[in-house]
Amino acid sequence: MTNKKGNIGVTTENIFPIIKKFLYSDHEIFLRELVSNAVDASQKLRTLAISGEFKGEADDLKVKVSLDKENKTITISDNGIGMTEEEVDKYINQIAFSSAGDFLDKYKDAENAIIGHFGLGFYSSFMVSDKVEIKTKSYKDGAKAVKWECNGDPNYTLTEVEKEERGTDVTLYIDDESVEFLEKHKIQELLDKYCKFLPVEIAFGKKTEWKDGKDVETDEDNVINNPNPLWKKMPADLKDEDYAAFYRELYPMSMDEPLFNIHLNVDYPFNLTGVLYFPKIKSNLEINRNKIQLYCNQVFVTDSVEGIVPEFLTLLHGVIDSPDIPLNVSRSYLQSDSNVKKISGHITKKVADRLFEIFKDNREEFEKKWDDLKLFIEYGMISDEKFYERAEKFSLFKNTDGQFFTFEEYKKHIEENQKDKNNSLIYLYATNAEDQYSYIKSAKDKGYDVLLLDGQLDIHFVNTLESKFEESRFVRVDSDTVDNLIKKDEKIESVLNEKEQEDVKWAFQGVIPEGKSYWVTSESMQPDDMPVIIARDEFMRRMKDMSEISGGTGYYGNMPDDYKVIVNTNHPLIVDLSGKLEKKTLTKRSKIDEEYEKINSEKTELENKLNKIEKEEEKPVEEKQKLEDLNTKLMEVEDKKINIYKEYGQKQKIVSQLFDLALLSNNLLKGESLNNFVSRSVDLLKK
């Protein structure tokens, strides 16, 4: 062979600046591409040895990555199949740039459309190199070694050289803009990221040992990968400890053990292997994302897997490996493809099936882990209709007594007692068992059961369930009195008449702090129910809670908190207060009542006079104005009477005490108000 020079054949435009320009943001993939090529060459030789076409030794296959910082080179070497001169010309010069003109016309403006088309994986090396050199020798008997060189333009040289061993060495002469890749730690980082599980041993330098106070290189190659990862093995050959060990291999910095795992092993209608782990998820949705690693034939592609698994499954950890997942040219982002959707749907089904299997086989263990699993399962049921359909068989409710029920079990548990007068089934729930204890107790005393929905997504989940459950509503246990939570036909009569109820309401309104959104109402409850209860409207509270989860923005997030103060008009303390109120304010009220009657009498007389005039325009303006003035005076007199009740309420420690007790049961009594409550309690105890 004589020295040969040639032109790669790019006639319309220089391909190399395009490679550098469009793939600069992803330029680290050069190492993945070149190491993958070396692995492919090694595996091809292994295949030939198995078939008998290659008679030599194929058990010592290894890819070596060498760094020469002084000469600014990186070399990727393999002892695989190698290439002849004709193969170099075919695979490097021709196939890589076949239809080059069409290629440039089609892809020169497409940022993500270069590497991967027309065999351009090798040419990613020019993203970081001024010059690339290939020295290769085929496994074939009598083959001559050749060297291919290219300086990053369409011109190349091909010469015959001496090389003892079969295989290929690719040497990159790193350009000035890419000197970061001449650092050992950077190459180690990329090898760990992209090549950790390649099926042929990858060696980077030599192992070191601590000797005489420093690290000293040994003669043993530093193999950085696991060529036979767990997901390539048969599930029947593995034990729980194998899966636990592999989890630690994937996430060496993780302190938690996973809850469960799923071993994926599918060969039809697509190829898919992998192991997915259920991590312990309690509250933070973001911190656990992007822990699934996507591989293509054991080559790392990405850990941003939103395109290949449903969003809720991105909370899982583990590995998915499939040669059938369509990748774009840089292999870093997934394309939209019907095959991807099929794979995504299959993974969803496998996850649901595995959870149901665990639930059926060991429900007790499943219940113990429910608090860690709940967020993941609820997230899936909210966001994925098909997952909801599968998960409703094993999704659980937990009540405030710590008992677990499936949806169907819980419906049967409460349907006899918790239907309202309109035949709607009412699911009572609490979000904090301690803060809402008194409300929970009142409901349980009534014979009702209360769910504990204290998870981050439970408010959203309640909305989903209400849309699925027929003739059902979810009501938080502190959103009203226990009798109003589940309204029955029976009505409790009030000991106080309507006027007395109204007067007591104004007495309590007198102790409402200025500027606070509390409004007082009365309710006839059982005498042994709490004298005063504070509740929040179910709809408004739920909307505000959902707004807080999404960052507190939006219409409901900006609205003030509204609370309803419910006075139990049948409680002995309230009945006693009403009697004292009427007695102590009698003198002042009598004077106001006289004033009211006088004004009202004058108003009635004037109204009768004006009513005799049929046409509105003929009524005297002065007398119509006087009627308006009389109405205003009546309102002012009413306000005087209301203020009497308010002033009385403000002076009675029992009113403030009952109101503060209601606040305290809602964890709403803080700061100065709490201090005043404690001092007042001490004073009342002295009596």
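Tutor: Buried means under 20% relative accessible area, exposed means over 50%, and partly exposed lies in between (1.4 Å probe, protein chains only). Glu33 counts as buried because its relative accessibility is 4%. This is a predicted model: local features need pLDDT of at least 70, side-chain atom pairs count only at pLDDT 80 or more, and totals for chains, interfaces and linings use all residues. Residues are numbered from 1 along each chain as its sequence is written, and side-chain values use heavy atoms, with hydrogens and water left out.

Student: With which residue does Glu33 form a salt bridge?

Tutor: A salt bridge puts a side-chain nitrogen of Lys or Arg within 4 Å of a carboxyl oxygen of Asp or Glu. Glu33 pairs with Arg32, and their closest N and O atoms are 3.3 Å apart. Arg32 is buried, at 0%. The whole structure holds 45 salt bridges.

Student: How do strands S2, S8 and S9 pair?

Tutor: Strands are DSSP runs of E, at least two residues, numbered from the N terminus. Two strands pair if DSSP finds at least two bridges between them. S2 (residues 63–68) and S8 (residues 202–211) are parallel, over 3 bridges. Lys64 stands opposite Ala203 in S8. S8 and S9 (residues 214–223) run antiparallel, with 6 bridges. Trp210 has Asp215 in S9 as its bridge partner.

Student: Which salt bridge does Asp221 form?

Tutor: Asp221 bonds with Lys206, with closest N and O atoms 2.7 Å apart. Asp221 lies in S9 and Lys206 in S8, so the pair ties together parts 15 residues apart in sequence. Asp221 is buried at 14%, while Lys206 is partly exposed at 30%.

Definitions and conventions:
Helices (H or I, at least four residues) and strands (E, at least two) are DSSP runs, numbered from the N terminus.
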